[in-house]
Amino acid sequence: MPIPFREVIAAPDLPTGFTDVAMMHRYLDAGSPAGDIIYLGFGETWTNVAPGLAAALATPLPSHSHGYVISQYGLPRLQRILRSYISATHRLPSGIEAGRDYEVAATSGGTRNTMFDFLRMLRNDPTVGAVDRPDQTPVLVAPLPGWGYAGIADSLGYRTRFLPLRDDEGCQPSLEAFDELLDSVMADPRHKLAVVVINAQHSPTAINWPADTVRHLIRRTLHAGAAVLIDDAYYAVHDPGLTPTSALRLLLEELEHAPPAARRRWLAVRSLGKQFHCNGWGLGAATADPATLDTLLNTIQLHRGFAAAVPLQEAMGTWLENPEAQHYLDHMNQQYAAKRAAIGEFIRRNLAYPPDACQLGECTAFLRMKIPFPGPRDGESLEAFREECLNRTGVLLGIDRWATDPSGAAAQEPANFRVFLGPPQEVLIEALARLAAAGYSYQP
Ligand SMILES: Cc1ncc(COP(=O)(O)O)c(C=O)c1O
């Protein structure tokens, strides 16, 4: 199904922070000279919503779902369903009890909002995010490459320090580097270690962090007196044979030995947008200590709004109770694995990529490939090079990082193209064939 791009990107006369918008308008205005746009720059398909989910929304909904729900925990029915869903899918042990050890809320407006609220909440916590002196800054630690956590944290007065994920370490967090980073933050009197982000199904490297690694990151963070922010956006999106590391389970296990204050300082968010191709719905689950979730929702979130998107929550509840939802996920995961294999094979044969120049990965909806020859010319930015690729092929690729860390070691790792695997396999192969036909390849 062709994507009506003009319907989903900002009008050209409106300001936007997304550089892709202007690039696409220019390309469309030029009459799509190299063929219809194949957009792999952002993790979005627009047209692949899970059919059963769309059908649940199209079925008449209870009329009460058009009103408010008087609960900041979301639609009560969806909250109940998610409580079981989170427990089952994250393999929480039977001794750990919902309502006592953790609570779950149905969230709307995107889990990015919930992360923002959590970081805002911590700014009032005297032991973590609040500073005692004006020259002191709370610090959030996030992986690089990685998703845009810094954009949330920096807007709230945090400073973001990055944990580099290096190619030569298989893109897994190095425990030594992590310990050193935490030590260096804590040794600086101007800084206060506040939050560590765990993204165990890591976007965009597509690596599932091993359980021992995640346990170490969590244990060290809790013992350092900082909060843990688990982002499980891609928890359900992984190769069929893979058991995704349940950071939530590990955290709950570790909390049993943690000091009482640490038991309250954590949040796990799970976007539902990625697993059912419904990012525009903005639905997710937020899991936290019951008292933390109470403050987060009934105080902090209430500063800015009531629970919303109730009809969507109704439809999501119906869908999650339907066994088809799991079949859909299994099928999607099989397709992603097949696409990873097909792309790996295609770029090896047709674009001269050796295996170590692309990272096919095992989870999330992305893979990464090194920037092909000729790459940006002297002085040319990666953005300019992306636009050149678009103009010559109609293919718009993404870059594997939202944040740069000019001072840090991670800056030494060159950026990669990030390929979104959402479109059908034949479309992905066509995109790569267009790159090959235009002369792009890994080796000149
Ligand atoms: C790694 C990661 N985390 C979190 C999010 C936020 O998802 P949402 O706000 O749509 O729930 C995204 C979406 O782009 C993501 O890729």
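Here Ala, Val, Leu, Ile, Met, Phe, Trp, Tyr, Cys and Pro count as nonpolar, Asp, Glu, Lys and Arg as charged, and the others, Gly among them, as polar. The model shown is predicted.

**View 1. The shell around the ligand.** The residues surrounding the ligand are Gly110, Thr111, Arg112, Met115, Trp147, Ser203, Asp231, Ala233, Tyr234, Ser271 and Lys274. By class, this shell splits into four nonpolar, four polar and three charged residues. Met115, Trp147, Ala233 and Tyr234 belong to the shell and count as nonpolar. Arg112, Asp231 and Lys274 are also in the shell and count as charged. Helix H5, spanning residues 111-122, is the top contributor to the shell, with three residues.

View 2. Thr111 places a polar side-chain atom 2.6 Å from an oxygen atom of the ligand. Ser271 also uses its side chain: a polar atom there lies 2.9 Å from a ligand oxygen atom. On its own, the ligand has 400 Å² of accessible area, and the protein covers 85% of that.

**View 3. The largest cavity.** The structure holds three cavities of 30 Å³ or more. The largest of the cavities has a volume of about 50 Å³. Its lining consists of Gly43, Glu44, Thr45, Tyr234, Gly273, Lys274, His277, Asn279, Tyr336, Ala365 and Phe420. Four of these lining residues are nonpolar, five are polar and two are charged. Glu44 and Lys274 line the cavity and count as charged. Domain 1 (5-49 + 326-437) and domain 2 (64-324) each provide at least three residues of the lining.

View 4. Strand S1 (38-40) and helix H16 (425-437) each contribute at least two residues to the lining. Helix H16 gives the most, with three residues.

Technical notes: Residues are numbered from 1 along each chain as its sequence is written. This is a predicted model: local features need pLDDT of at least 70, side-chain atom pairs count only at pLDDT 80 or more; totals for chains, interfaces and linings use all residues. Side-chain values use heavy atoms; hydrogens and water are left out. Helices (H or I, at least four residues) and strands (E, at least two) are DSSP runs, numbered from the N terminus. A residue is near a molecule or strand if one of its heavy atoms lies within 4 Å of it. A polar contact is a pair of N or O atoms within 3.5 Å; within protein, one must be able to donate a hydrogen and the other to accept it, and residues adjacent in sequence count only if both atoms are side-chain atoms. Accessible areas come from the Shrake-Rupley method with a 1.4 Å probe; for residues, only the protein chains shown count as cover. On a 1 Å grid over the protein atoms alone, a cavity is a set of points where a 1.4 Å probe fits but cannot get out, and a pocket is an open set with protein on both sides within 12 Å along at least five of seven lines; lining residues have an atom within 4 Å of a point. Grid points are joined across faces, edges and corners, and a volume is the space filled by probe spheres set on the points. Domain bounds come from an automatic or database domain assignment.
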